[in-house]
Amino acid sequence: MLDHATNRQLCETGPGTPMGELLRRYWHPVGAVSEMEKEPTRRIRIMGEDLVLYRDLSGGYGLLERHCPHRRADLGFGYVEECGLRCSYHGWYFDRTGACLEQPFEDTADPDSRFRDKIRITAYPVEAKAGLLWAYLGPEPAPLVPTWEPFTWENGFCQIVISEVPCNWFQCQENSIDPVHFEWQHDNWRVRASGAFGPYAPKHLKLGFDEFEFGISYKRVRENTDEEHPLWTVGRNCLWPNALFTGDHFEWRVPIDDGNTLSVGWFFNPVPQDMRPFRQNDIPAWRGPVRAADTGEWITSHVMNQDFAAWVGQGALADRSREHLGRSDRGVIMMRRRFLDDIEVVAAGGDPKGLVRDPLVNNCVTLPIFDREFFCNGPTREELRNPNHQRMRSMLDFVFQAGQPAAVRAAYVAAMGLDRNDDT
Ligand code: FES
Ligand SMILES: [Fe+2]
């Protein structure tokens, strides 16, 4: 249970708030490279700030405050130029540092005044990595965009799925350190959704939470596993500050504002050994719906959609003064404490947990991954045909989110050779 003031401290991320200051020390994924190739400007809202993300004609990325400093037109309508974005209203032209390069009428009518030198617009750096576009809204010197280990893996089919979830980011992130929900919100819900009343999934018997440099690993023993099992010896990861990392995918929960969260998923499937070498030229990105188009009901057919249902069900901003934490919530408590401690560290001018500043470390930031061999080597064709192989459910179908476009599915099927029916 938390008092209202502490709850607000964890949840509110607008400029100047303690958590907002903390989260502004990290890079956040805010879009995808392949989306910007189709449409070079995109209006986004991140931590309560209205912004425009763009890709200019030279291929560089920028992130500017949404409203033009001239008379506040929406730069989302702007034209991309060689090195920046031009307001469509009167043509003022800004580069990615926020400098005003041109004011067409002022420059013509009074070229000596150099009025443009007095104008700046808020601008944030953007970097492309792993098919994602990362933004940094904090003070300099910025840390590095982490090169998480799976970003270096080869021979994989990656895809990015982005959704807007109408609730606060912190309850989404608490889900990243909540092993027991998997039994009920996923496994058993699937049983009940099929119309059956059982048998239910193996129960959780024991949980462990170990903090490491970049997060907290959560470990579990269920009725069908023991302490020799990698789910206990290695576990899965709550990745700092706002992600889940399971081995084959990341899920970031980026605050849009205090009542909405951008869910950004990055998924990796190793292609089978007989389809290698495989090189993916573009990582496809798609927007995952959260409600059914016809009924408006929450979609609950896929793993992350089930999570979304849990999060929005807690309310736009969960009232933690009315919760009753039990033994399963030990990780949630560890996470809250770490954030509250780091808020103080940041207020005192220090670096919070898990920043990467060393370029050598950033060649590949290794993470606890127990099925690394599978991801690096890929399945054999025989494994891919074995319905009892533990990873095959997520190898044959995209189980994480509803709405995968047919073109992405077709590219996946081709990459994996799922349409092959020969026995070679
Ligand atoms: S409002 Fe942008 S140039 Fe005038
Ligand atoms: Fe989940």
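A residue is called buried here if 20 or more other C-beta atoms lie within 10 Å of its own, exposed if 12 or fewer do, and partly exposed in between, with C-beta atoms placed from the backbone. With that in hand, let us look at helix H8 (residues 303-313), where Val 303, Met 304, Asn 305, Gln 306, Asp 307, Phe 308 and Trp 311 are buried.

A word on the model itself. It is predicted: local features need pLDDT of at least 70 and side-chain atom pairs count only at pLDDT 80 or more, while totals for chains, interfaces and linings use all residues. Residues are numbered from 1 along each chain as its sequence is written, and chains are lettered from A and ligands numbered from 1 in the order in which they are written.

**Around H8 and H6**

Helices (H or I, at least four residues) and strands (E, at least two) are DSSP runs, numbered from the N terminus. Two residues are in contact if their C-beta atoms, placed from the backbone, lie within 7 Å. The cover over the buried residues of H8 includes E12, helix H5 (169-174), H6, strand E17 (249-257) and strand E18 (260-270). After H8 comes Gly 315, with a positive phi near 100°.

Helix H6 (residues 180-193) has 14 residues and should span 20 Å at 1.5 Å a residue, which agrees with the 19 Å between its end C-alpha atoms. The expected span is 1.5 Å times one less than the number of residues. Just after H6, Gly 195 takes a positive phi of about 95°.

**The sheets**

Strands pair if DSSP finds at least two bridges between them. Eight strands make an open sheet with mixed pairing, in the order E13-E14-E15-E16-E17-E18-E12-E19. Strand E13 (204-212) and strand E19 (285-287) are at the edges with a single partner strand each, so one side of each has no neighbour in the sheet. From one strand to the next, the twist averages 20°. Axes are lines fitted to C-alpha atoms, for helices over the stretch in contact, and angles run from 0 to 180 degrees between N-to-C directions. Helix H9 (residues 330-347) lies across E13, strand E14 (215-222) and strand E15 (236-239), at about 20° to E13.

A second open sheet has four strands in the order E5-E6-E7-E8, with antiparallel pairing. Its edge strands, E5 (79-81) and E8 (100-102), each pair on one side only. Here are two strand pairs, one from each sheet:

| Strand pair | Sense | Bridges | Facing residues |
|---|---|---|---|
| E12 (156-165) and E19 | parallel | three | Ile 160 and Ala 285 |
| E6 (84-86) and E7 (93-94) | antiparallel | two | Arg 86 and Tyr 93 |

The protein chain is divided into domain 1 (31-136) and domain 2 (149-416), with bounds that come from an automatic or database domain assignment. Their C-alpha centres lie 33 Å apart. Twelve residues from domain 1 and 14 residues from domain 2 take part in the contact. On the domain 1 side, helix H3 (33-38) and strand E2 (41-46) each supply at least two residues, and H3 gives the most, with three residues.

**Pro 18**

Finally, Pro 18 lies in helix H2 (residues 18-23). Pro 18 counts as partly exposed because it has 19 C-beta neighbours inside 10 Å. Neighbours within four places in sequence aside, Pro 18 is in contact with Gln 9, Ile 343 and Ala 347.
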